[in-house]
Amino acid sequence: MNYGQRVQKNQKNEIWYEYCNFLGLSIDEYMRIQYRLFEEQISAWLKSGIAKEIIPGSFTQNMTVDEFRKKCPLTDYYNYADILLAKRSDMLPAEPVIWLQTTWEGGKHQIKLAPYTAAMLEVFKNNLMSVSTISSADSNKRTRLKNGDRVLFGLAPLPYVTGLFPHVFKEEIEFNFLPPVSEALKMSFGERNRLGFKMGMQKGIDVFFGMSSVIHYVTVNFSSMLKSGSTGSGLLKKITKMSPKMLFRFIHAKYISQKESRDIKPRDLFSLKSLVCAGTDTASYKSFLADEWGVKPLEIFAGTEPSIIGTETPARNGMVFFPDTCFYEFIPEAEVYKNIDDKSYEPRTVLLNELCEGGIYELVISVLKGGAFMRYRVGDMFRCVGSSGDPDTSLPRLVYIDRVPDVIDIAGFTRITEASISDVIRLSGVAVSDWTAKKEYDSQKRPFMHLYAEIDESRLAAIAVSAGLLKEHLETYFKYFDTDYHDLKKMLGIEPLQITIIKCGTFEKYTEYRRKPIRRINPASLDISDLLEFEKLGSNDTGRKGGG
């Protein structure tokens with residue numbers, strides 16, 4: 001029996017045990033599973049052609065986990081690009097059944113491809129059903145999902161990893177997707193979300209899967225969507241298409257909102273069983289989404305290369321990683337910065353059972369079940385919140401922070417690096433002599449990139465420079481250089497770039513004063529405030545604190 005049939009048979013306790021029993025593992029039991037699966041993966045991977053590209057020379061094929069960690073260097077996508085972008089299946093440890101795609105690095109490298117084996121897809125399915133069970137469970141850990149539930153799906157289709165979700169669900173439970181998957185594939189991302197929400201207004205919504213930034217945008221614009229056509233024939237047309245149940249909810253929602261002198265909220269119309277969100281900046285949106293929808297969102301972590309690897313527990317206070325998706329290593333934050341400052345430095349890693357509460361780490365994964373990626377730097381940072389205080393698990397829990405410090409990721413749509421900003425400035429011809437860029441948040445907790453730019457005085461006579469003109473000029477090239485950048489404005493209403501012009505010579509004099517340069521990407525907030533104060537007071541003020 002599949003998931004939906006077992007729900008019909010009222011086997012809900014059995015469903016929790018099958019899909020969520022990993023939460024009850026002790027850390028020793030968890031690590032034994034990790035070691036066993038990784039040893040199997042090492043043996044298969046070392047026989048492949050891709051292994052010989054990454055670890056040249058002779059080696060034994062029965063390495064222990066510790067020996068392999070010493071022998072195999074940390075990797076990134078450059079180590080695999082020639083083989084994977086050419087889909088060289090003959091070089092892989094197992095035959096892939098599907099190739100998935102994601103963005104690489106703006107205009108410099110358009111896409112990354114990742115192979116998935118049949119065994120990887122089976123793990124993917126089990127873990128997706130685990131997420132679905134946890135997100136929808138009542139206080140007795142019994143799923144509230146059933147065949148026929150209506151699902152608003154705010155995630156990307158194939159060949160992106162989230163496009164697997166509908167196909168996996170089709171095997172396990174009869175969800176009604178809004179809009180239907182066959183129709184959604186013919187639409188743009190924005191069109192799918194608009195039509196899905198319109199259908200939800202008519203029929204109701206039981207489950208909402210989406211990128212946090214997309215769910216936030218839909219939620220913020222909920223009232224305006226309701227108000228469009230809310231008078232005369234427009235309102236009549238909208239009402240006549242509602243089911244009797246939704247019509248009753250709509251009338252009740254209007255009454256409640258007017259009584260409380262506020263706009264209608266999604267929770268007034270819909271009674272969600274499950275709200276699952278993923279993506280960068282989720283932490284900024286979760287409390288707002290919980291208030292608006294009346295249900296706490298369940299945060300998960302997934303990616304094209306690692307697959308689904310983490311889910312929050314029912315307590316929603318940190319994610320636990322699935323033990324059978326990847327073998328996990330973590331680079332301590334201090335080691336991350338050493339490597340940023342010295343690219344030749346090989347940072348050390350620790351394992352899950354060696355994490356310190358409060359510590360910040362970069363994730364390193366080795367994909368199990370025939371995966372291609374070994375000791376692979378995903379580029380994401382987590383904070384360990386410890387292993388106590390959660391009634392459902394004693395495993396270490398992790399909270400997603402952001403991308404690695406030398407990448408600016410805005411709402412999960414675009415990844416901006418020092419190289420991409422430099423290329424945009426060079427292509428634009430704008431007279432920027434020095435700069436630093438930092439990810440910041442506006443009053444609605446929406447992310448944006450703040451560029452602090454110094455203008456070359458020798459070229460000021462040739463151009464009229466203002467922050468507005470510079471912003472307009474650079475945005476033209478960002479849209480050309482990184483197509484995802486355009487989507488931030490078009491689909492999410494995010495203003496992705498703000499610019500502050502710094503007086504010429506400030507960066508150089510400040511660097512001399514501090515005796516260390518400001519980081520190009522994501523400098524510390526203290527460094528930025530200090531730089532602005534330095535510019536304001538004038539570089540001759542050598543009596544300020546913080547020098548030397």
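Is Thr117 buried or exposed? Thr117 counts as buried, because its relative accessibility is 4% (buried means under 20% relative accessible area, exposed over 50%, partly exposed in between, with a 1.4 Å probe and protein chains only).

## What you're looking at

This is a predicted model, where local features need pLDDT of at least 70, side-chain atom pairs count only at pLDDT 80 or more, and totals for chains, interfaces and linings use all residues. Residues are numbered from 1 along each chain as its sequence is written, and side-chain values use heavy atoms, with hydrogens and water left out.

How confident is the predictor? pLDDT is its confidence in each residue, from 0 to 100. The protein chain averages 87, and 90% of the residues score at least 70. Residues 229–236 fall below 50, and that stretch has four contacts in the model beyond near neighbours in sequence (contact means heavy atoms within 4.5 Å). Residues 541–548 are also below 50, with 13 such contacts.

## Around Thr117

Thr117 sits in strand S2, which covers residues 109–117. Strands (E, at least two residues) and helices (H or I, at least four) are DSSP runs, numbered from the N terminus. Leaving out residues up to four places away in sequence, Thr117 touches Ala94, Glu95, Pro96, Val97, Lys369 and Gly370. Take Glu95: it is 22 residues from Thr117 in sequence, but their C-alpha atoms are 6.1 Å apart in space.

Helix H7 takes up residues 118–136. Of its 19 residues, 14 are buried, so H7 is mostly covered.

## A three-stranded sheet

Now for an open sheet: three strands in the order S17-S18-S19, with mixed pairing. Its edge strands are S17 (432–441) and S19 (497–502), each pairing on one side only. Two strands pair if DSSP finds at least two bridges between them. S17 and S18 (residues 447–455) pair in the antiparallel sense over nine bridges. Thr436 has Tyr452 in S18 as its bridge partner.

Helix H18 (residues 418–428) packs on the sheet and touches S17 and S18; its direction makes about 130 degrees with that of S17. Axes here are lines fitted to C-alpha atoms, for helices over the stretch in contact, and angles run from 0 to 180 degrees between N-to-C directions.

## Lys439 and its partners

Lys439 lies in strand S17. With a relative accessible area of 7%, Lys439 is buried. Its side chain makes polar contacts with the side chains of Asp281 at 2.7 Å and Asp402 at 2.9 Å. A polar contact is a pair of N or O atoms within 3.5 Å; within protein, one must be able to donate a hydrogen and the other to accept it, and residues adjacent in sequence count only if both atoms are side-chain atoms.

Definitions and conventions. Expected span 1.5 Å × (residues − 1). pLDDT = per-residue confidence, 0-100.
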